[in-house]
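This report describes one protein model for a reader who has the sequence and the 3D structure at hand. Please look at the structure first, then read on.

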Amino acid sequence: MAGDLPEYYFRIRDNGAAVFRVDTENRQRRIEMEQIAVVNVRNGEIKAQGDRKLTPDDLREIEAWMAKRIATLAARDVDDILRTVDHLNLTTHWVQAKATEAQLDEVTDPLLLAMHDLRTVLVRKKAERMMKAGPEADTDT
């Protein structure tokens, strides 16, 4: 099993991870994890632990992990939004087919305000993208 372990372990935290070097080459044949750094995926910062100097291999592994983590988080963001679209469709069906008047009284105003806010932001962002693209991009609308 020890041969299957990675050389580095990343303990996920809110904005990044604590980075550990995994060591199985010791007298007791135990798995030891020594923290070597802390990384922040939001600002790209890599801080070595204590007085430690990170090797080029350490930095290469950490940067590769950060790139993969950023891509994973971005994909999750898009997936969450697409799930929201699904949920909005399910909500529409619920409103149309199942909701009682009391339930509608409870949810109508918060839903309308949230949808109005979202629509306002989406329309503004789309207009900004169209303005950047120029008049030749206005052929679809």
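## Contacts along the chain

Among the contacts in the protein with a separation of 6 or more, 27% are between residues 24 or more positions apart; contact means heavy atoms within 4.5 Å. The model is predicted, so local features need pLDDT of at least 70 and side-chain atom pairs count only at pLDDT 80 or more, while totals for chains, interfaces and linings use all residues. Residues are numbered from 1 along each chain as its sequence is written, and side-chain values use heavy atoms, with hydrogens and water left out.

## Overall form

The protein has 2 helices and 4 strands, and along the sequence they follow the pattern β-β-β-β-α-α. Helices (H or I, at least four residues) and strands (E, at least two) are DSSP runs, numbered from the N terminus. The radius of gyration is 24 Å, well over the 14 Å that the globule rule gives for 141 residues, so the protein is more spread out than a compact globule. This radius is taken over C-alpha atoms, and the globule rule is 2.2 Å times the number of residues to the power 0.38. Along the principal axes, the C-alpha atoms fill a box of roughly 70 × 45 × 25 Å.

Of the 141 residues, 18% count as buried. Buried means under 20% relative accessible area, exposed over 50%, and partly exposed in between (1.4 Å probe, protein chains only).

## The nonpolar core

Which residues make up the largest nonpolar core? This core has 12 residues in all: Tyr 8, Phe 10, Ala 17, Val 19, Ile 36, Ala 37, Val 39, Val 41, Leu 54, Ile 62, Trp 65 and Met 66. At least two residues of this core come from each of β1 (8-13), β2 (16-23), β3 (32-40) and α1 (56-97). A nonpolar core is a set of buried Ala, Val, Leu, Ile, Met, Phe, Trp, Tyr and Cys residues joined through side-chain atoms within 4.5 Å. In soluble globular proteins, nonpolar side chains tend to be buried together.

Not counting residues up to four places away in sequence, Ile 62 touches Phe 10, Val 19, Ala 37, Val 39, Ile 46 and Leu 54.

## Residues in helix α1

Asp 58 lies in helix α1. Is Asp 58 buried or exposed? Its relative accessible area is 1%, so Asp 58 is buried. Apart from neighbours within four places in sequence, Asp 58 is in contact with Tyr 8, Arg 21 and Ile 36.

Ala 67 is also found in helix α1, and at a relative accessible area of 49% Ala 67 is partly exposed. Ala 67 and Thr 120 are 53 residues apart in sequence, and their C-alpha atoms are 32 Å apart in space.

Met 115 belongs to helix α2 (residues 101-133) and counts as partly exposed, at 41% relative accessibility. Between Met 115 and Leu 88 there are 9.9 Å in space, C-alpha to C-alpha, and the two are 27 residues apart in sequence.

Val 38 is in strand β3. Val 38 and Ala 18 are 20 residues apart in sequence, with 4.4 Å from C-alpha to C-alpha. Leaving aside neighbours within four places in sequence, the contacts of Val 38 include Arg 13, Ala 17, Ala 18 and Glu 45.
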